[in-house]
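This briefing goes through the overall fold, the surface and the aromatic pairs, in that order.

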Amino acid sequence: MNNELLEKSWDALSDYHDSIAETYCQRLLLAYPQYQEVMEELPMQDQCASLPQILEMVTWMTSQDDEVMPYIETMAADLKSSNMDLEDMDNFREVMVSVIDDFGRHYTEGWNDAYRGAWEDAFDVVLIPTLLGCMDKAA
């Protein structure tokens with residue numbers, strides 16, 4: 001996982017963090033309307049509001065990060081209670097990475113596929129496996 005590229009890209013989008021979160025939530029429901037009920041049941045709206053902080057955390061977290069793990073464990077418990085699984089995590093990743101990539105290409109000079117790849121890796125290598133591991137422990 002390329003934390004340096006993640007941090008650089010997230011910093012470059014600092015003026016758009018709230019717009020990225022709002023766009024993500026809108027696109028998620030457009031692409032996957034089945035999550036509407038989940039967003040109403042869980043504190044997903046709170047998670048959408050805190051999405052910029054979550055994404056900043058993703059730029060530097062590791063799967064062994066003691067500072068991050070309590071938050072990840074709480075998210076995992078919420079997702080587990082709604083019967084979320086790997087397919088759902090992949091859906092969330094797909095939408096989030098596409099939103100970040102769209103904002104990067106539109107608002108950041110020099111944005112390229114390496115940035116998108118860094119975000120995909122962050123989700124695939126650290127965030128999703130960590131969430132799924134915490135979900136398994138919560139079972």
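What radius of gyration would a compact globule with 139 residues have, and what does the protein have? A compact globule with 139 residues would have a radius of gyration near 14 Å, and the protein, which is a predicted model, agrees with this at 14 Å.

**Overall fold**
- The protein contains 8 helices and 0 strands, so that its pattern along the sequence reads α-α-α-α-α-α-α-α.
- The C-alpha trace spans about 45 × 35 × 20 Å along its principal axes, and 48% of the 139 residues are buried.
- Of the contacts with a separation of 6 or more, 75% are between residues 24 or more positions apart.

**Surface and charge**
- The protein exposes about 7400 Å², with carbon and sulfur atoms supplying 46% of this area.
- There are 7 positive and 29 negative side chains, and the centres of these two sets lie 6 Å apart.

**Aromatic pairs**
- The count of aromatic pairs comes to 7, and one of them is the tilted pair of Y16 and F103, with 6.2 Å centre to centre and 50 degrees between the planes.
- Because Y16 lies in the loop between α1 (3-12) and α2 (17-31) while F103 lies in helix α7 (residues 86-107), this pair ties together parts that are 87 residues apart in sequence.
- Y16 counts as partly exposed at 22% relative accessibility, whereas F103, at 10%, counts as buried.
- Y35 and F92 also form a tilted pair, because their ring centres are 5.0 Å apart and their planes are at 55 degrees.
- This second pair ties helix α3 (residues 35-41), which holds Y35, to helix α7, which holds F92, across 57 residues in sequence.
- Y35 is buried at 3% relative accessibility, and F92 is buried with a relative accessible area of 11%.
- Ring pairs also link Y16, F103 and Y107 into a cluster.

Technical notes. Residues numbered from 1 in each chain as written. Predicted model: local features only at pLDDT ≥ 70, side-chain atom pairs only at ≥ 80, totals over all residues. Heavy atoms only, no water. Helix = DSSP H or I, 4+ residues; strand = E, 2+ residues; numbered from the N terminus. Rg over C-alpha atoms; globule rule 2.2 N^0.38 Å. Buried < 20%, exposed > 50% of the residue type's maximum accessible area, 1.4 Å probe, protein only. Contact = heavy atoms within 4.5 Å. Areas by Shrake-Rupley, 256 points an atom, 1.4 Å probe, with all protein chains shown as cover. Lys, Arg positive; Asp, Glu negative; His and termini not counted. Charge placed at Lys NZ, Arg CZ, Asp CG, Glu CD. Phe/Tyr/Trp six-rings, centres within 6.5 Å; stacked < 30°, edge-to-face > 60°.
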